[in-house]
Number of protein chains: 2
Amino acid sequence: MSNNIKEDLLLFNELVDVFLEEERLKPVTEYIEPNNVQQLLDIKLENNGLSKDKFKEALKQLILNTPKSSSKLFFNQLFGGRHSKAVLGDLLAAILNNSMATYKIAGPQVSVEKEILCQVYKLIGYNKNPGGTFPTGGSMSNFMSLVMARDKVNLEIQQKGITRKLVAYTSENAHYSVSKNASFIGLGKSNVRYIKSDLYGRISVMEFEKQVEKDLKNGFTPFYLNATAGTTVLCAFDNVNELSKCCKKNNMWLHLDGAFGGSVIFSDKYKRLVKGVNLTDSFCFNAHKTLGAPLSTSILVVKDKQDLYNSFNSKANYLYQTHGNEFNLGQTSFECGRRNNALKFWTMWKAIGLKGIASIVEEQFQLANAARKYIISNQDYSLYSFDDSLSICFNYKNFDPEDLCTKLFEMNSLMVGYGTFKKNRFIRLVIVNGENSLDDVTRFFGILERFTEEHQEHIKKI
Amino acid sequence: MSNNIKEDLLLFNELVDVFLEEERLKPVTEYIEPNNVQQLLDIKLENNGLSKDKFKEALKQLILNTPKSSSKLFFNQLFGGRHSKAVLGDLLAAILNNSMATYKIAGPQVSVEKEILCQVYKLIGYNKNPGGTFPTGGSMSNFMSLVMARDKVNLEIQQKGITRKLVAYTSENAHYSVSKNASFIGLGKSNVRYIKSDLYGRISVMEFEKQVEKDLKNGFTPFYLNATAGTTVLCAFDNVNELSKCCKKNNMWLHLDGAFGGSVIFSDKYKRLVKGVNLTDSFCFNAHKTLGAPLSTSILVVKDKQDLYNSFNSKANYLYQTHGNEFNLGQTSFECGRRNNALKFWTMWKAIGLKGIASIVEEQFQLANAARKYIISNQDYSLYSFDDSLSICFNYKNFDPEDLCTKLFEMNSLMVGYGTFKKNRFIRLVIVNGENSLDDVTRFFGILERFTEEHQEHIKKI
C-alpha cells in the first residue's frame, strides 16, 4: 500500500468514528484471554503487506477490542478520560513530528514548552532562576530529580561514581520508581529509607526526622527526600511545609512527586494540599493522569535551572548548531530526540484557560466527595480513605476486593482496581475522568451492587 | 470551549490540510528568531480560554511556522520523512490512549508490541529466550543496556551500588548518551574508554583489545561495550563480529546501538552491515530515524529476557493485578505508565510488509550512493564519508560548512547540518526520508550551488 497521508487521514477518521460509537455503546471492552489474541485478531506480521480491505478490517478489529481507557466505566488506573483539546494537540504533534532537542528543528514549539513551564513556575512560586522540562513520565521525573540531588552533593560523582555513603528518603507509600531509580543511579536500593506514614498515609514528619538523625550518627549523608502529592493508592498528600524544614536544615534536596495529585496547583481551592511546594527543589505532575491529556504529558520543574544543566547537559556539536542553551531544550533532558509532549497541554490550556483547568480539578474533587458520601451513608460499604483525595478506597459487603475487581473486568462490567494500605485490602475507585458526572459515579455503584447480587456465589469472600 | 472530540477532529482535519499544502509550497519554514516568537505568534497562556476563532487562528499560525521535518528539503537530522501508515497508527494510539504497563489496560495492544519484537528476534537471530521492549528512544535504549550489563556483573549492585572498579567501552564516535548514561548509572564518565576509530570511523578492534588488556592489568573489570551500527556523524558500522570475540573472552556485555543504522536488519542486501548482530547481548534501532515513523519508535531487544527482568522488574501490587509477567509489559521497562509506541510501527509493517520496509532501506542507500556519485564526479566538492552509509559528508568549494548551513537555514533555503570527523569539518547530508527521490537529492545540490553563488560574499570561507 502506498504512502499517502491524505488517504490515511480519511481512514483514520473512519476508524475513529467506529471506535467512538463503540466506546459509547460498550464502554467496557469484551475480555480476551491474552493467549487467545493471536487466534481472534489478525496480529501477525508478514513478508507481504495486506490489501486495503484486509488492512482496514484488521485495524477495526484491533481497536474495537482494545480496552477503552477514556470510557465512562474506566476507573482502573491513575489516568482516564479524554480532553478533546489536548487530543487535538497530540494529533497535530504526530503530524508535525518535531524533535524538541533544538530550536532549529522545533522552532516555535520550543516557546510552547517554555510558556507552559513559565506559567507553572508562577503557579508554584519558583521565582528566581527556575528550569523545567517534559520528561517521559513520572518515573523519569523522579529519576531526574534523584540524579540532580546526587550530583548536587558532589559534581565529581558524574566523573567518578558514588564514593560517599549517601542515603535517600521516601514514604512507605511512595511510587515504586523511587526504589528502581535508586538502583539505576548506583545509589543502591538498600540506601533508601522508607519512612512510616501516619494514619492518613502521609509521611510521619517525626519518623523522618528521627531517621535522618540516626543516619547522620551512623556516618551517612542524607541527600534527598521524595515526598508525594497524591500517593498511588490513597492519594494522600505529604506535608511539604513541615518536611521542608528538616530538608533545609540538613541540606537535602526536596522533590515533590505530584505525578498523580500535583495538578491541584491549578485550583485556588485545592492548592492548599501542596502548601510549601515553593520550598521544594523540584516538583512534577502529569497532565495525563488527572487532566485528560493523552499519555504522556509530564512536567518537571526545578527551582534552580543550573541543577538541570549540571546533570543533563552534554556537548554534542553535531546536534546543537544554532542558538544558545536557552532554546536548545535537549540540553536539559535525559533524551536526545524528544517527542513534542508539550503541544497537547498547550492546546488544552489555550482553549479552556487556567480557569478551565482549575474547574476540571475542582469537579473531580466534588465527584470524589460525592462517592465518599455515598459509601459513608450506606452500611454495606466500608471506607478506607480520607477527605481531599481522588482515590476512594472501600469494600462492599464481605466480597474479596481482588476477586471482585478481576471478575468485574473479565465479565466486561467495570474497569476498577484494588489496593492495600496498612494491611487493609480494598477496591480503589479513582476519580480522574473530568468528563464523568455525578450520574456516572452513581452508575458505578449501581453496577457493582447488581453484579455482586447476580454473581454472589462465585465471588470470593474476605 | 467544550470538550467535544468530534468537533476537534474536524478542526484537526482542517488544520492538517492547511499544513500539508504549506509543506508542499514552502518546504522550508520561514525562520523566526527565537526571541521574536512571542511577539509574532500568540503563544501566551492566560486565565481565560480563547474564542473558537482565535484558537483556530493561533493554532494555524503556530503550525505554519513550525519547521517541517517531513518536507523534501529537510536533511538536517537523523530523522525525517513521514510514512502515512505509521502516522495512522500513531494517531490511533493518541485516541485509544492505552498505557502499555499491563494487559488489563492495553489488551491486544500488548500482542501488537510482542509480535513486532518476535519478528525482530527472528531477523537478527536471537533464538533462545529473547526479550524486548519499546524504550522512549535511543538514549534510553543505551541506558537500559548499560544498567543490565552492570547488574549482570553482580546483581547486588542494585542493592548496594557499584563497589567494583568497572569500566565500559565505546567508540570515540559513539552517541553522546553513552557518556551521560555512565554518569547516570553511577559508573562515572571517567570509567568509559573511548576507543579510537579506524579511517572509516569504525572502532579499531586492535585498540579495543589493547585497552581491555591494559585495564585488566590495572585491576579494572571490563564489563560493557557499546558498539554502533550507524555512527551519528559518518553513519559508520562497527565490526560486530570481530568485536564480539574480545567481549566473549572477557565476559563483557556487547550492546549494538543501531538507533540510526540498525534498520538494515530488514534488508537482505544490507544486513551484512550488522553481521554478528546475533552475537550481541542487546541491540536497538529507531524506526523514527530511517523508516518515517513518528517520534519515538525505538526498539530494544535483549538476547536473554531474564536480564531485562533482573534490572527492571519491580513489585507493584497496585498495578500488576491480572495476568503473568509475560503480558504485563511494565515489568521490563524503565517507565510505569507507557505510551503505545508500538502500534505505529505495526500498522506500517502490516500495510507494506517486511518487503516494503526492506525497500525503504534499500532506496535510501541507493539515493545515498547517487549523492556520493554526484560529489565524486564534481571537482568543486570534497567527500569525507564512505560507501555503505546514509550520511554524505562533504564540503563545497571553500565555504565554511558551519556558516553555510546556518545561513541556508536562516534564509529558508535548506535544512541541513554539519559535522566533524578526524578534525575535518563538513556538511552532513542525511538521507533518511524514504519519500525522497533522485530528483530531490539533485535538487538539494542545485539549491546549495545557487545559494552559494548568490551569497558568496557573505558566507565565511575555510
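Between which two strands of chain A is the loop that holds A:Lys423? The legends below answer this and describe further close-up views.

This is a predicted model, in which local features need pLDDT of at least 70, side-chain atom pairs count only at pLDDT 80 or more, and totals for chains, interfaces and linings use all residues. Residues are numbered from 1 along each chain as its sequence is written, chains are lettered from A and ligands numbered from 1 in the order in which they are written, and side-chain values use heavy atoms, with hydrogens and water left out.

**View 1. The loop of A:Lys423.** A:Lys423 lies in the loop between strand S11 (415-421) and strand S12 (424-430) of chain A. Helices (H or I, at least four residues) and strands (E, at least two) are DSSP runs, numbered from the N terminus. Although A:Lys423 is not a glycine, its phi is positive, at about 70 degrees. Most residues other than glycine have a negative phi, and most peptide bonds are trans.

View 2. In chain A, the bond joining A:Leu295 and A:Ser296 is a cis peptide bond with omega of about -20 degrees. A:Ser296 belongs to the loop between helix H12 (287-290) and strand S8 (298-302) of chain A. In chain B, the peptide bond from B:Leu295 to B:Ser296 is cis, with omega near -20 degrees.

**View 3. Helix H1 of chain A against helix H4 of chain B.** Helix H1 (residues 5-25) of chain A packs on helix H4 (residues 84-96) of chain B at an angle of about 25 degrees, their axes being 9 Å apart. Axes are lines fitted to C-alpha atoms, for helices over the stretch in contact, and angles run from 0 to 180 degrees between N-to-C directions. H1(A) and H4(B) are therefore roughly parallel to each other (angles under 35 degrees count as roughly parallel, over 145 as roughly antiparallel, 65 to 115 as roughly perpendicular and the rest as oblique).

**View 4. Helices H15 and H16 of chain B.** Helix H15 (residues 401-410) and helix H16 (residues 438-455) of chain B pack at an angle of about 100 degrees, with axes 11 Å apart. H15(B) and H16(B) are therefore roughly perpendicular to each other. B:Leu404, B:Lys407 and B:Leu408 in H15(B) meet B:Leu448, B:Phe451 and B:Thr452 in H16(B).

Key:
Contact = heavy atoms within 4.5 Å.
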